[in-house]
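Keep the sequence and the model side by side as you read.

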Amino acid sequence: MYSSKFRNLFCSVLFSWLCFGGLAMAAGGSRSGSRDLDQTPTWAVAAVCTVFILISIALEKSLHKVGTWLVQKHKTALLEALEKVKAELMILGFISLLLTFGQSYIVRICIPEKLADIMLPCPYKEAKKASDSEEEHRRKLLSYERRYLAADTASFKCSREGHEPLLSVNGLHQLHILIFFLAVIHVFYSAITMMLGRLKIRGWKAWEAETSTHNYEFANAASRFRFTHETSFVRAHTSFLTRIPIFFYIRCFFRQFYRSVNKTDYLTLRNGFITVHLAPGSKYNFQKFIKRSLEDDFKVVVGVSPILWASVVVYLLININGWRTTIWAALIPVVLILAVGTKLQAILAKMALEITERHAVVQGMPLVQGSDKYFWFGQPQLVLHVIHFALFQVFSGFSFSKN
């Protein structure tokens, strides 16, 4: 228990550092007449420390209460997701901490000007100096804009002629802000994803309740025989065009823009699941099972894997002027989401086609048989990872655009 509280408090302190680290960098490099800590009023130092501590404790208490509530509700998957969120905040806090304490060393790394002028995100604007007086005036103006580090760091220039710092003071400050936006937006989009998923599943509660009525049992009684092509599930997903591959995928592509899961799909998939895993006709709450599955999948979506971190680094590397990287970064997630939606609709359509191929007449509700063969490379988890990657790219692109 104490280790958990310590971890929560440590995570809160790091996250608070992440939030206010940029402010510290911005305020650190003041004019040459700025006061050191020993010349600062004690009430000012105490006030700043109090705010910092109160925010850290409030965040730690909030995370602890959320974790306690999840334990009481037996939400094991969501509790693991919360631990992942705290782990990611700790990683981002450490990155921010390293940037802050390593900034004086980073700006002293010098590279040739030729290397500094290639692969720029924006066109390089070289200021022309007309006279020494204009240069002096420009230097004074920039001194008010570049108050991000200590005075000795802010005024650092490479001693060797033709060399420039690897990262400028201003660049480090903007990178710090970028990390902050990544942390905040990642937490927000994780919560929004979970909220929208639960809202979607809540709409299926009425369908689940209908399975307990006499009308449902009578309509899907095992004594009733129907032609396969007359069942609602088959009629909804098949037509004379679905047997032609190109029209099959075109139909699946446009179908995803309408109601992705209708009542017929839900009841048919529920019947197939119960028939395979339980005794036929068993009373089982399939809607709650899907809700638990969503919580398990949320553990994957909320985390940031090394591949996703690598995608951020690749984006920063190829974000070169003229390459239109921002457009491609915004287009790729849309293409991936549309491909996933088309694939999921194609799975339902293939299930319906297999029913027509196996049976001309069905008894009761048509029986669908789920299989890994319907998914890409026989890996159902691949769909979840693609969705995770697409969502992360969308919100990462939003963070980059804000910076």
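**Salt bridges and a helix pair**

E210 is partly exposed, because its relative accessibility is 26%. This value, like every other here, comes from a predicted model. Start at this residue and look for its partner.

E210 meets K263 in a salt bridge, with 2.6 Å from N to O. E210 sits in helix 8 and K263 in helix 12, so the pair joins parts that are 53 residues apart in sequence. K263 is also partly exposed, at a relative accessible area of 33%.

Now stay with helices 8 and 12. R270 forms a salt bridge with E208, and their closest N and O atoms are 3.2 Å apart. R270 belongs to helix 12, which spans residues 263-277, and E208 to helix 8, residues 205-210, so this pair ties together parts 62 residues apart in sequence. Are R270 and E208 buried or exposed? Both R270 and E208 are buried.

Next, turn to helix 7. R198 pairs with E295 in a salt bridge, the closest N and O atoms lying 3.1 Å apart. R198 lies in helix 7 (residues 169-202) and E295 in helix 13 (residues 286-302), so the bridge links parts that are 97 residues apart in sequence. The two ends differ in accessibility. R198 is at 30% relative accessibility and therefore counts as partly exposed. E295 is at 6%, so it counts as buried; the cut-off for buried is under 20%.

R198 and E295 also belong to a network of salt bridges that includes K75. Over the whole structure there are 7 salt bridges. Side chains of opposite charge can pair when their charged atoms come close.

Helix 3 covers residues 76-106, and its axis is 10 Å from that of helix 7, at an angle of about 175°. Helix 3 is therefore roughly antiparallel to helix 7, since angles over 145 degrees count as such.

Which residues of helix 3 and helix 7 meet? From helix 3 the contact includes L78, V85, L89, L92, I95 and L99. Helix 3 also brings E88, S96, T100 and Q103, among others. On the helix 7 side, look for L172, L175, I179, A183, V187 and M194, along with H176 and H186. By class, the contact between helix 3 and helix 7 has 13 nonpolar, 5 polar and 1 charged residues.

Technical notes:
Residues are numbered from 1 along each chain as its sequence is written. This is a predicted model: local features need pLDDT of at least 70, side-chain atom pairs count only at pLDDT 80 or more; totals for chains, interfaces and linings use all residues. Side-chain values use heavy atoms; hydrogens and water are left out. A salt bridge is a side-chain nitrogen of Lys or Arg within 4 Å of a carboxyl oxygen of Asp or Glu. Helices (H or I, at least four residues) and strands (E, at least two) are DSSP runs, numbered from the N terminus. Buried means under 20% relative accessible area, exposed over 50%, partly exposed in between (1.4 Å probe, protein chains only). Axes are lines fitted to C-alpha atoms, for helices over the stretch in contact, and angles run from 0 to 180 degrees between N-to-C directions. Angles under 35 degrees count as roughly parallel, over 145 as roughly antiparallel, 65 to 115 as roughly perpendicular and the rest as oblique. Contact means heavy atoms within 4.5 Å. Ala, Val, Leu, Ile, Met, Phe, Trp, Tyr, Cys and Pro count as nonpolar, Asp, Glu, Lys and Arg as charged, and the others, Gly among them, as polar.
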